[in-house]
Amino acid sequence: MSSSDASDQNRRLCVLSWDQVQRLDSILGEAIPIHGRGNFPTLSMQPRQIVQVVRDRLEEKGVSVQDVRLNGSAASHVLHQDTGLGYKDLDLIFGVSLKDDQAFRLVKDVVLDCLLDFLPAEVCKERITALTLKEAYVQKLVKVCNDTDRWSLISLCNNTGKNVELKFVDSLRRQFEFSVDSFQICLDSLLLFDRCSETAMAESFHPTVLGESVYGNFEEAMGHLCHRIIATRNPEEIRGGGLLKYCHLLVRGFRPTSETVMKTLQRYMCSRFFIDFPEIGEQERKLEAYLQNHFSGMEHKRYECLMTLYHVVNESTVCLMSHERRQTLSLISMLALRVLAEQNAIPTITNVTCYYQPAPYVRDINFSNYYIAHVQSPLVPACSNSYQTWLPCN
């Protein structure tokens, strides 16, 4: 390794302070419920437990685990408690070799088999198959295998959105969306301390834990996190362009250092989003899932996020035909109105009980078969369609 490479590597790394190590230890020791579907019981597991069990079982099967890391918003929370973002999912990355389909299957089977260890003692385990466990406890199962990326994800269910996500990575070209979520914390030294030391941790006696920013510069990324700055590069490399995360950060009070640069990046974000989600049905499912997963317990922020998205799409979308753009903007407005309805925040309108969206061919304001209500919530921006968007059912 050349001196410049060593210098670049050093800029990516930082040793955690005692306060940060304590926060990390607290997160790893927190019991997280994994909720079963149907009549399956809720499992209770600490992140350190599932990591140890999965790692040991993989190594028994001959799969070498290079390291285990805490990733994403939980890692950001460890490094800076007052991020303004909090954390939901617990992202754990296992560095493994996934050279063929058999390796992918082995990893999945090992994780499902490990779930048996967390079932209550009174449960008869003999008849429970891997398929049964997958249907009962797995929220999401992802496999990516191409020229640049080889990884799999197993997300375990939690009804409050705090899923335990086990990610097994051989190679991953793009490991972050924005600098503030680019942190990874290596857990190996802390897990080894758990197993080998009979003395409790203290400020004068604790393992050295390394944090890394895959953004490339730990100090710079940490400055962005502390001062709530939005920074990224090449958003066209991110699935979905990072568009929804960008709007999420804006709603949480993060701001770009350069509005001009970010306006340019917004166009790339929108273009990649509509490449990955070209159909209106896909867009609706993606938006609903994002709101559900990232604003659980903060439903009052959903409307603001949708309106922020509306303005970004309206201002920066250059890759859609005009009718496609209007269709997407109408979808966002519809979701925003639904959010207001769920919060009982729609202004009272006499004799209106519910709303529906008319067919696209209704363009004439005097169309004889419809009564057009000349009202619109002041909170929802008007769409560019020539017909009214919402009509009363009665």
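Among contacts in the chain (heavy atoms within 4.5 Å) between residues at least 6 apart in sequence, 70% join residues that are at least 24 apart. The structure is a predicted model, in which local features need a pLDDT of at least 70 and side-chain atom pairs count only at pLDDT 80 or more, whereas totals for chains, interfaces and linings use all residues. Residues are numbered from 1 along each chain as its sequence is written, and side-chain values use heavy atoms, with hydrogens and water left out.

The mean pLDDT of the chain, that is, the predictor's confidence in each residue on a scale from 0 to 100, is 86, and 85% of the residues reach 70 or more. Over residues 349–353 the pLDDT is below 50, and this stretch has five contacts in the model beyond near neighbours in sequence. The pLDDT is also below 50 over residues 364–394, a stretch with 66 contacts beyond near neighbours in sequence. Where pLDDT is low, the predicted coordinates should not be read in detail.

The secondary structure comes to 13 helices and 14 strands, where helices (H or I, at least four residues) and strands (E, at least two) are DSSP runs numbered from the N terminus. Of the 394 residues of the chain, 47% count as buried; here buried means under 20% relative accessible area, exposed means over 50%, and partly exposed lies in between, with a 1.4 Å probe and protein chains only. The chain exposes about 19800 Å², of which carbon and sulfur atoms supply 48%; these accessible areas come from the Shrake-Rupley method with a 1.4 Å probe, and for residues only the protein chains shown count as cover.

In soluble globular proteins, nonpolar side chains tend to be buried together. A nonpolar core is defined as a set of buried Ala, Val, Leu, Ile, Met, Phe, Trp, Tyr and Cys residues joined through side-chain atoms within 4.5 Å. The largest such core has 102 residues, and those with the most contacts inside it are Leu-24, Leu-70, Phe-94, Phe-168 and Ile-185. Apart from this core lies another, of six residues, among them Val-144, Leu-153, Val-169 and Leu-172. When neighbours within four places in sequence are left aside, the residues in contact with Phe-168 include Val-54, Leu-58, Phe-94, Val-107, Val-111 and Trp-151.

Helix 5 has 15 residues and reaches 22 Å from its first C-alpha to its last, close to the 21 Å expected at 1.5 Å a residue, the expected span being 1.5 Å times one less than the number of residues.

Side chains of opposite charge can pair when their charged atoms come close. A search of the whole structure finds 22 salt bridges, each being a side-chain nitrogen of Lys or Arg within 4 Å of a carboxyl oxygen of Asp or Glu. The side chains of Arg-57 and Asp-113 meet in one of them, at 2.7 Å from N to O. Arg-57 is buried, with a relative accessible area of 17%, whereas Asp-113 is partly exposed at 35%.

Helix 3 (residues 47–60) also holds Glu-59 and Arg-55, which are four residues apart and therefore separated by about one helical turn. Glu-59 forms a salt bridge with Arg-55, the closest N and O atoms being 3.8 Å apart. Of this pair, Glu-59 is partly exposed, with a relative accessible area of 40%, while Arg-55 is buried, with 14%. A further salt bridge joins Lys-134 and Glu-135, with the closest N and O atoms 3.2 Å apart; Lys-134 is partly exposed at 24%, and Glu-135 is partly exposed at 47%.

Arg-228 is placed in the loop between helix 8 (218–227) and strand 11 (229–230), and counts as partly exposed at 27% relative accessibility.
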